[in-house]
Amino acid sequence: MLKKLWSFLLMNIGALAVAVNVHFFLSPNDLATGGVSGLSIVMNKVLPDLSLGLIMLILNIILFVVGIIFLGFQFGAKTIYASFALSFMVWGLEAYFPMQEALSNDILIQLIIGQIIAASGMAIVFHQGASTGGTDIIAMILHKYFSVDVGKGVLFSDIAIAVSSIFIFGPAVGMYAFFGVILNGLVIDYTLQQFDNNKEIVIISQESEQVRNFIVHQLGRGATIHHAKGAFNQEDKEVITTILNRKDYTRLKRYMTDVDRRAFITVHSMNEILGQNFKRLA
């Protein structure tokens with residue numbers, strides 16, 4: 001229960017970060033950097049009588065209805081909650097912290113700061129097994145009927161929204177929006193890597209048994225043993241492979257310094273690990 005509450009809290013923090021970017025940085029500068037928020041900013045210019053948060057809420061409802069028609073009920077409860085939470089948060093920020101003008105005259109610095117805040121928030125939401133919905137649904141439809149990769153579908157949708165803003169706000173703002181789409185993807189990828197900063201460690205050591213015992217009993221991690229033969233002297237060796245987070249990897253390095261300074265160790269950063277004690281396959 002505590003883990004679920006923590007996940008729920010993180011999901012709201014992530015959604016709030018995205019809402020802060022939309023309200024304080026994107027909307028005042030007419031920056032439509034993709035997603036439902038970007039499309040809402042474009043539509044808000046056409047329909048100024050409707051608030052941005054309300055337009056986001058209406059679009060999310062429409063997209064979920066379309067998604068149910070074409071995809072069925074494939075949306076998790078977390079995604080549905082995060083999508084509508086984001087819309088209501090933007091609506092609330094508009095009501096309690098109205099913006100009459102942009103925070104500064106420098107659009108670029110506002111775009112960079114805002115996108116870093118939002119992308120970090122979106123990464124937190126993604127890490128909880130949810131998303132903020134929106135163009136994800138369009139991407140899933142493209143994947144089902146036209147075999148377009150979901151990641152590419154999201155990127156195409158976001159770029160299309162950014163490009164459409166050129167016709168509403170002009171080429172200069174449109175180019176900033178296009179840059180925002182690219183920056184958003186880069187920061188999300190980087191932030192997600194920090195969440196799952198696991199490393200694959202491969203060790204060849206003369207003290208193989210001690211190393212195995214340390215990994216299993218002191219670090220509480222599993223390991224796989226391979227039997228190999230050296231190419232130079234044909235000597236039989238044990239190769240230990242294990243997956244460790246940054247903290248345990250630091251402990252292992254300190255231990256190896258004391259036990260076997262001549263050990264051969266290679267380290268590989270992992271983008272994603274599925275199964276057993278890591279992320280579930282589905």
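Reader: Which residues does V22 touch, not counting residues up to four places away in sequence?

Author: The model is predicted. Contact here requires heavy atoms within 4.5 Å. By that cut-off, and with residues up to four places away in sequence left out, V22 touches S27, P28, S37, L52, M56 and V90.

Reader: Which residues touch the most other members of the largest nonpolar core?

Author: This core has 34 residues. Helices α1 to α8 are represented in it, and each supplies at least two residues. The members that touch the most others are V22, M56 and V90.

Reader: Is S40 buried or exposed?

Author: S40 sits in helix α2, residues 35-46. Beyond its neighbours within four places in sequence, S40 contacts L52, I55, M56 and L59. Buried means under 20% relative accessible area. Because the relative accessible area of S40 is 0%, S40 is buried.

Reader: Why do the buried residues of α9 lie on the same side of the helix?

Author: The buried residues of α9, which spans 208-218, are S208, V211, F214 and I215. They lie on the same side of α9 because the arc they cover around the axis is only 130°.

Reader: Which exposed residues does the face of α9 turned away from its buried side carry?

Author: The buried side of α9 is covered by elements including β1 (199-204), β3 (236-244) and α10 (246-259). The face turned away from that side carries the exposed residues E209, H217 and Q218.

Reader: What is the phi of the residue that follows α9?

Author: Helix α9 is followed by G220. The phi of G220 is positive, near 70°.

Definitions and conventions:
Residues are numbered from 1 along each chain as its sequence is written. This is a predicted model: local features need pLDDT of at least 70, side-chain atom pairs count only at pLDDT 80 or more; totals for chains, interfaces and linings use all residues. Side-chain values use heavy atoms; hydrogens and water are left out. Helices (H or I, at least four residues) and strands (E, at least two) are DSSP runs, numbered from the N terminus. Buried means under 20% relative accessible area, exposed over 50%, partly exposed in between (1.4 Å probe, protein chains only). The arc is that of the directions from the helix axis to the C-beta atoms. A nonpolar core is a set of buried Ala, Val, Leu, Ile, Met, Phe, Trp, Tyr and Cys residues joined through side-chain atoms within 4.5 Å.
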